[in-house]
Amino acid sequence: MGGISLNYLVRRLLVFFLTLWVAATLIFIIPRLAPGDPISAMIARLSYQAGFVENSDQIIEGWKERFGLNDPIYVQYFRFMGGILQGDLGYSLARFPSTVTELVGRALPWTIGLVGIATFIFFTVGNLCGALLVWTKSPKLIKVLIPMSMIFTSIPPLLAGLLLVYVFGFLLELFPQTYAYSYKFARPEFTIDFIANVIHHGFLPAMAIVLVTFGYWALGMRGMMVTIEGEDYMILAQAKGLKPFYVLYRYMIRNAILPQMTALAVSIGTLVSGSVLVEVIFNYNGMGTLIFTAIREQDFGLIQGTSFILITTSALAVLIIDLSYPLIDPRISLEGR
Amino acid sequence: MAEDRKVKDAPVAGGTKKAGALNRFDNPWLNWKFLTGAGILGFMFFLIFLGYQLWDTNLALSARAPLNLPPVGFTNWRGQEGIPEHPLGTENSGRDMLAMLIVGTPRTVFVGVIAATVGMLVGILLGFMAGFLGGLFDDVIRLATDITITIPSLLVLIVIQSVLGRVDLVTMALLISLFTWATPTRYIRAQVLSMRESGYVQMAHLSGVPVRDIMFKEIMPNLLPYLAASYIGNMTGAIISAVGLEVLGFGPQRIPSLGVAIFFSIEAGALFRNMWWWWGLPTVILAIVFVSLLLINLGLDEIANPRLRKAA
Amino acid sequence: MEKQKENGSDRIVLKVDNLRIHYATPQGDVIAVSGVSFNLYEGETLGLVGESGCGKSTTAYGILQLVQPPGYIVHGSIEVDGTEVLNLTEEELRKFRWTGLSLIPQGAMNSLNPTMRVKDQIIDVIESHEGKQRDKEAMRERIFELFQNVGLPNRIYNMYPHELSGGMKQRVCIAMGVALHPTVVIADEATSALDVVVQRIVAQTLIKVKDEIGVSLIVIGHDMGLLAQIVDRIAVMYAGKMVEIAPVENVYANPLHPYTQLLIDSIPSIKERKPLKITEGITHDPRNPPSGCIFRLRCPFAWDHCAEVEPPPLQVEEKHEVACHLFDEQFEERRADAFATIANP
């Protein structure tokens, strides 16, 4: 197995770090592009909601001082970037004593777990379905059933989540409607009971993502399989009298899965966006719900921090997929791209 | 002996295969997926047009109707029955659901059209330039697309919108198009690069056809079905982003679009008050829009790529 | 020729009878192979030649049962060592493949699975026919022996196809093709995609391996010069028909069929410069072949009889058949006239 070529590695790392830098800079700049400054804007919105905020000028000054908004902008920028490098994302404005890092630390594992498991399921199921659609030996019934099950493809997970929570959560009461585990558990613990509870709670949100996503992968896989069917090595595989199932996984799927991996890296952004909304529907205690709460509480610091961490996580996921790609494609180690 | 050797029967073996082969040479635009998708979408817009003529769209504003009425033939949790004046029911600030669907559907699709169009135009421009100019420009474009695709667009949009507050639909569409250019750019760049190497473009180049003519007369026509598919895909993505932002509460609220309706219903706990019509009707309409866009997209894919037709 | 004597066995290992293959199109079937019959003898090397589109590759793929849709076998019989290939069930066919008939594909550029090591692609064919091999060491020795037969270094054992040169890939395909000592090996333009020097070496390797293992070989190609050096008999195809099949020295020294004459004439020679005679390819619509003789539209000697009756293969010598009316005894005079024209153009 060839190693990862330097060019490929450097390029992937460059994209990763540039993504983080662009995201951090955007998050820093955007509030400062708005008319006024973020603190005044926030106080203005608060007073709009609360009717009147006493001593608002003093409060604004106090906050500005605390957040260093009176410093020159480049000082603010370097302080902001320095903070990010040290994992310091500042304070939550609405839940002041809590830092953003703390809140995110509690929410992120749930999101990674949910999205990770959902991704594993839809990627496996989707590619398998796509492969079976093309394979000449698969039963007729499968070739009818798979396209039928793909009817939901391209509907956003958010809407699927709504339908699922209504039917299976509300009407049939088969699954819990909100949260990642029951209130009877004070905190996460490592017991069978708790894990079963988490799976029970996570089933609908995960299904909301899987149901509308696997069809996309099945379609992509189908296209790849059709291309591969026409390759010379498929004719030779047939001539060799290999067993059909062996040809399916060792010759067809093995080669068709490579572009699918690339596509997975490309789709991570969309996937994370979608799961944020699914969490909102299920009030799942991950990053999506955290950001939704922050939006409602006008907690700009928390919105910034949560977004940045989610973007970082996505970029990291993309990097991991990209770096594992050479391990499954023996050709990539020779080509620079 | 001679008879025994005719082991394969011609008509049977030939008949079925011939039928399969025939389909591949038919007019590619007579693709059932494409036609079904376009048909559903067309019919939906015809109904909306009728709705604008026949129904009072002002009912989509708040306080124009009794609150929380179910659709005709159903009962709400208070035991009220649906009335013909509001056949699809009403929600808790007195908006008529039918009017809301008539007004909201085109608004939702509109956001998608704008964001996808802007994204596509930028994508064509950057994609062709990157593919043809190459060099540093190409490197920068590639990096920019890679980064834009990696970043979950919804999160940046949330940051922007939480600063700007609620915005009108055009602004929202333009904000979304900050992200819709990347996929078409990457795609067109790759296609241009591969077509540039192809024999017929090289021939044109050698015979002194100007680059501009090569781009628009040789490459563009071949790209059209791909571009169309990519456009539809982009539109789907843009609508998904818009609905997402609206559900998070960033949509324009006086005249609601479908996502805003869903936001209201979630805020009011419609799910647990069994007011299914409130969130369910916009959801179903959106689902129909998405499924027909997907069908159009798949159809265009098959039109562009004859190999897929074989498998279908 | 000594080669002729060595390989002069009369046992028929492959008997193709009246094989007909069509490609379905909306405008009607294209007739790719139209009733081809021939025998392949034990230990023999048969060259299958003809211009592009004449159906030589389709014939080979028909014999291998590998005709890809929209192509299909209309009728015919293919017997390998007495086994009727077309009557085999799917599983029987799978087991028969590579042990009865194996293929050395064209070019070998994309014929190897890009994500499998060379050794695994040879092991998989051995294991799917002989079952799981427990003795890894013996398996490795067996593959090294195959490599040695085709002149490959042992170091490629663990390599991927993209790490090999074109010639090496072609040798891997040859090694793979003979791995199970099949009855008949079909080499489909096995040397076409290689440069001239490598072509010769690969062709020699092919013959060497064939002689060592003692298989019968069908070589498809259009390089008449190369084929002349490696085959025992040559079968000439034109527009889906086999027009002549003859021992190689007969074909070059004394081609009988007018098309074979044209083909031999077209071989460039350093000794004398002559204008190329083949000016056009197959001229008729392959969906509606002309009546009678398939070649009559381009044949300089055609007369009205050729349009009326399709010429049957006529045995003119041992292992030499030609499908042309000129060699029918009743038209002896015409033949004399025709050959007079050739002698004094």
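In chain B, 72% of the contacts with a separation of 6 or more are between residues 24 or more positions apart; two residues are in contact if their C-beta atoms, placed from the backbone, lie within 7 Å. The model is predicted, and local features need pLDDT of at least 70, side-chain atom pairs count only at pLDDT 80 or more, while totals for chains, interfaces and linings use all residues. Residues are numbered from 1 along each chain as its sequence is written, and chains are lettered from A and ligands numbered from 1 in the order in which they are written.

Chain B contains 12 helices and zero strands, where helices (H or I, at least four residues) and strands (E, at least two) are DSSP runs numbered from the N terminus. Of the 312 residues in chain B, 45% are buried. A residue is called buried if 20 or more other C-beta atoms lie within 10 Å of its own, exposed if 12 or fewer, and partly exposed in between, with C-beta atoms placed from the backbone.

Chain A also has 12 helices and zero strands, and reads α-α-α-α-α-α-α-α-α-α-α-α along the sequence. Buried residues are 43% of its 337 residues. In chain A, residues 24 or more positions apart account for 73% of the contacts with a separation of 6 or more.

Chain A has a mean pLDDT of 85, with 89% of its residues at 70 or more. Where pLDDT is low, the predicted coordinates should not be read in detail.

Chain A is split into domain 1 (1-94 + 299-337) and domain 2 (109-296), with bounds that come from an automatic or database domain assignment. To the contact between them, domain 1 of chain A gives 15 residues and domain 2 of chain A gives 13 residues. On the side of domain 1 of chain A that touches domain 2 of chain A, eight residues are nonpolar, four polar and three charged. Here Ala, Val, Leu, Ile, Met, Phe, Trp, Tyr, Cys and Pro count as nonpolar, Asp, Glu, Lys and Arg as charged, and the others, Gly among them, as polar.

Chains A and B also touch: 40 residues of chain B are in contact with 49 residues of chain A. On the chain B side, helix H4 (135-150), helix H5 (153-164), helix H9 (211-247), helix H11 (276-304) and helix H12 (306-311) each supply at least two residues. H5(B) gives the most, with 10 residues. The residues of this side of chain B comprise 29 nonpolar, eight polar and three charged.

Chain C brings in strands. Strand S1 (residues 12-23) of chain C runs antiparallel to strand S2 (residues 30-41) of chain C, and nine bridges join them; two strands pair if DSSP finds at least two bridges between them. Lys15(C) has Asn39(C) in S2(C) as its bridge partner, and His22(C) stands opposite Ile31(C) in S2(C). The hairpin of S1(C) and S2(C) has six residues between the strands, and in it Gly28(C) takes a positive phi near 115°. S1(C) is also joined by eight bridges to strand S4 (residues 71-80) of chain C, again antiparallel. There Leu14(C) stands opposite Val80(C).

Chain C also has an open sheet of eight strands in the order S6-S7-S8-S3-S9-S10-S12-S11, with mixed pairing. Strand S6 (101-104) and strand S11 (314-317) of chain C each have a single partner strand, so one side of each is left without a neighbour in the sheet. Neighbouring strands of this sheet are turned by 25° against each other on average, direction ignored. Within the sheet order, strand S3 (residues 45-49) and strand S9 (residues 233-238) of chain C run parallel and are joined by four bridges. Val49(C) is partnered by Val236(C) in S9(C).

Two helices of chain C remain. Helix H6 (residues 166-178) of chain C lies across S6 and strand S7 (184-188) of chain C, at about 175° to S6(C); axes are lines fitted to C-alpha atoms, for helices over the stretch in contact, and angles run from 0 to 180 degrees between N-to-C directions. Helix H10 (residues 258-265) of chain C is mostly covered, with six of its eight residues buried. Its buried residues pack against helix H8 (224-230), S9, strand S10 (241-247) and helix H9 (248-253) of chain C.

Conventions: pLDDT = per-residue confidence, 0-100.
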